[in-house]
Amino acid sequence: MKHSTAVWLVENTALTFQQIADFCGLHVLEVQAIADETSATRYIGRDPVRAGELTWAEIERCQKDPAARLQLAEGPVPQQTRTKGPRYTPVSKRQDKPDGIAWLLRYHPELSDGQIAKLIGTTKTTIAAIRDRTHWNIQNIKPQDPVALGLCSQRELDALVARAAKKRGEGVATDSRIDEEAARLEEQLKMERAARGYDVADEDEE
C-alpha cells in the first residue's frame with residue numbers, strides 16, 4: 001500500500017522524492033525508480049486524500065517548502081478538489097520524460113525548472129539531476145523532442161517558449177504578432193486543460 005501511495009503522489013503532486021519517501025516509509029531511490037518507471041513491480045496509484053490520510057492543504061504546504069514533511073490528517077477529511085500540480089502523463093510515456101527534459105534543457109534554456117516541470121509533468125529534483133548529470137540513468141538519457149515523444153503538444157511548447165522569451169525581454173517578444181499568437185495559444189491551452197480537469201491558474205514560476 002505504501003508503494004501505491006507513492007505512485008499517486010509522484011503522479012499527482014510536485015512533492016520531492018524525499019518528501020514522498022519519508023511519508024510512505026520508502027527509500028528515496030525507490031521513489032525515484034517509481035517516477036522513472038524502472039521499478040521491478042508496477043503499482044496502481046492509491047489516493048491518500050480520498051483515503052482520509054492527507055488533505056490538499058497539507059500537500060500544497062509541503063510543495064511550497066521542500067524541507068517540510070507531510071503530516072497524517074487527524075479525524076475525517078472533507079472531500080477537496082485539487083488546485084495545482086503537474087500534469088498527468090500516461091504510464092506508457094513516463095519512461096520518456098528524462099529524454100524530453102534533456103531536450104528542453106539543451107534547446108530551450110530560457111525555460112525555468114517550474115515551467116518544464118508543469119509542461120512535462122515531472123519534479124524540479126529530476127530536472128536538476130539531469131542538468132547536473134547526477135541522474136541515476138544519465139548514461140542512457142538521449143535528448144528527444146517532447147512533442148515527438150507525446151509528452152506535450154506543439155501548441156503548449158510554443159506558447160511556453162513565447163512566454164519565457166517575453167518575460168526575459170528577448171527579441172521574439174517585440175513582434176506583436178508573436179505576442180498575439182502566444183496569447184491565443186495560451187488561452188486555447190487553458191480551455192483544453194479546463195476541459196480535462198486541469199487547473200488553469202497562471203503557471204509562471206514563482
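Which residues have the most contacts inside the largest nonpolar core? Select Leu9, Ile20 and Ile59 to see them.

**Before you start**

This is a predicted model, in which local features need pLDDT of at least 70, side-chain atom pairs count only at pLDDT 80 or more, and totals for chains, interfaces and linings use all residues. Residues are numbered from 1 along each chain as its sequence is written, and side-chain values use heavy atoms, with hydrogens and water left out.

**Stop 1: the cores**

The largest nonpolar core has 22 residues. A nonpolar core is a set of buried Ala, Val, Leu, Ile, Met, Phe, Trp, Tyr and Cys residues joined through side-chain atoms within 4.5 Å. Buried means under 20% relative accessible area; exposed is over 50%, and partly exposed is in between (1.4 Å probe, protein chains only). Now colour helices H1 (2-12), H2 (17-24), H3 (28-35) and H4 (56-64). Each supplies at least two residues of this core. Helices here are DSSP runs (H or I, at least four residues), numbered from the N terminus.

Go back to Leu9. Leave aside its neighbours within four places in sequence. Leu9 then touches Leu15, Ile20, Phe23, Cys24, Pro48 and Leu54. Contact means heavy atoms within 4.5 Å.

A second, separate core has 21 residues. Select Leu111, Leu119, Leu149 and Leu151, which are among them. In soluble globular proteins, nonpolar side chains tend to be buried together.

**Stop 2: the aromatic pairs**

The structure holds 2 aromatic pairs. Rings of Phe, Tyr and Trp (its six-membered ring) pair if their centres lie within 6.5 Å; planes under 30 degrees apart count as stacked, over 60 as edge-to-face and the rest as tilted.

Select Trp8 and Trp56. This pair is tilted, at 5.8 Å centre to centre and 50° between the planes. Trp8 lies in H1 and Trp56 in H4, so the pair ties together parts that are 48 residues apart in sequence. Trp8 is buried at 11% relative accessible area, and Trp56 is buried at 6%.

Next, select Trp103 and Tyr107. They also form a tilted pair, 5.1 Å centre to centre with 45° between the planes. Both lie in helix H6, 4 residues apart, about one turn of the helix. Are they buried or partly exposed? Trp103 is buried at 15%, whereas Tyr107 is partly exposed at 46%.

**Stop 3: helix H8**

Select residues 124-131, which make up H8. Thr126, Ile127, Ala129 and Ile130 are buried here. The buried residues pack against H2, H6 (97-107) and H7 (113-120). Finish at Arg133, which follows H8 and has a positive phi, near 60°.
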